[in-house]
Amino acid sequence: MSSKNIGIKDVAVAAGVSVTTVSHVLNEVSYARISEETRDKVRSAAEQLGYGPNRLAQALRTQRTGMLGLVSEEIATTPHAGRIILGADEAAKARGYNLMIINTPGSASLESRQADVQALLERRVDGILYATMYHRNVELPGNLGSVPSVLVDSVATAGNITAVVPDEDGGARAAVGALLDAGHTKVGFINNTDDVPATRQRLQAFRAMLTEAGLDGGAAPVESEVSEVQGGYEAAKRILSREDRPTGLFCYNDRMAMGAYRAAAELGLSIPGDLSVVGFDDQELIAANLYPGLTTVALPHYEMGAWATDHLIDAIEGKEDLSLMALHPTVLGCPLVRRDSVAAPR
C-alpha cells in the first residue's frame, strides 16, 4: 500500500485502537484521557505507515494554519545574530509549526515595515515574531497586534508588547568581573557611540562593578567610538596611550576588541601579558579565532529566538496571555565565555 493511500483507519487497525483515539493522539487533543502507552503505540504505528494528520482539516477545525511569521530587521543577513532564526525555527518545528521569514533593512520606514507585516497577515500566519539585529527600542507597525506577537532583542517604544532581551547589565558585570577576579585594578572601557540600551547599561554596569570593588568607577577611563573594528582600534590607541594606562580593557563588542588587539600590538603590548581584554557578543568567527582567543560574553541569540517562539505558540493555542508579560521585557542571561585573553597583571 503506498503511503498516499494510508488513512486514519489503517493506523487504528495497526495500533489496535479506535479511529477516535488515533485522531485524539495525533491532533494532541488535551482533554482526551489516553494512557501514554497507547499514545506511543499510535505514534509508532503512524510513523511506520508514514501517516500524518491532515493539516488542511486541522486548519479548518482550529482556524490555525500552523505558520508563524518572522519580521527580521537584518537578522537574516547578520551572521552573529542569525542564531535567533535558528532558535525560532527549531522551536517552531518542535511544536509542529513552520516559520515564514521576511528580511527588512534596519533603516526601513515604518510604512515599509507595516507592509511587511501585512504580507505575513495576508498569508494567514497564526502569530508574528519581530526581531532586530541588536538590542534597541523600536516603533512598531500598528498592524502587528492583529495576531499574537512577540519582540526579540528589542522593546517597543510604547511598551505594550511582550519582549525578550539580553541581560546587558549582568553580561557587563561578568566581563568586568573577569578582569577584577584576575587582579586588575586599572580597568578601562571602550564603548559604543550609538544611543541604544546596550551602550547605556554596559557603561553603568562597568562603573558600578568598579565602585563595588572599592575602586573609583566614576574616574575610570572610558573612550567611545563607532562599534566596529576601526572604532575599537582608535579608542584603544587613545586609552592605551595614557600615562597611567589600564592593564585590563572591557570592549563593547568583539569587533571593537579586535581593533584593540591591533592597537596593543602597535604599542608593543602583549595580550594577556601586558594587557587583558574582554569583549561582548561571542561572535565565533572573531572571538575564537583571535590570538590569543578572546574571553567574551555570549549574547543569547538562540535562546531568545526559542523563548519567543515557545511563548508565541502558547498564546496562539490559548495556554498563555501575552498581555500579562508585556509590562516588563523578559531578560535572558549572557554567560561569560573564557578563553586566553585575561591573565593577572604584571
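Author: Start at Glu28, which has a positive phi of about 50° just after helix H2 (residues 19-26). Helices (H or I, at least four residues) and strands (E, at least two) are DSSP runs, numbered from the N terminus.

Reader: What is this model, and what are the ground rules?

Author: The model is predicted: local features need pLDDT of at least 70, side-chain atom pairs count only at pLDDT 80 or more, and totals for chains, interfaces and linings use all residues. Residues are numbered from 1 along each chain as its sequence is written, and side-chain values use heavy atoms, with hydrogens and water left out.

Reader: Back to H2. Which of its residues are buried?

Author: Thr21, Val22, Val25 and Leu26 are; buried means under 20% relative accessible area, exposed over 50%, partly exposed in between (1.4 Å probe, protein chains only). They lie on the same side of H2, because their arc around the axis is only 120°, taken from the directions from the helix axis to the C-beta atoms.

Reader: Changing topic: why is strand E6 largely enclosed?

Author: Six of the six residues of E6 (residues 187-192) are buried, so the rest of the structure largely encloses it.

Reader: Which strands pair with E6?

Author: Strand E8 (residues 248-251) pairs with E6 in the parallel sense over four bridges; pairing takes at least two DSSP bridges between two strands. Leu249 in E8 is the bridge partner of Gly188. Strand E7 (residues 222-225) also runs parallel to E6, joined by four bridges.

Reader: And the whole chain, how many helices and strands?

Author: Twelve helices and twelve strands. Of the 346 residues, 49% are buried.
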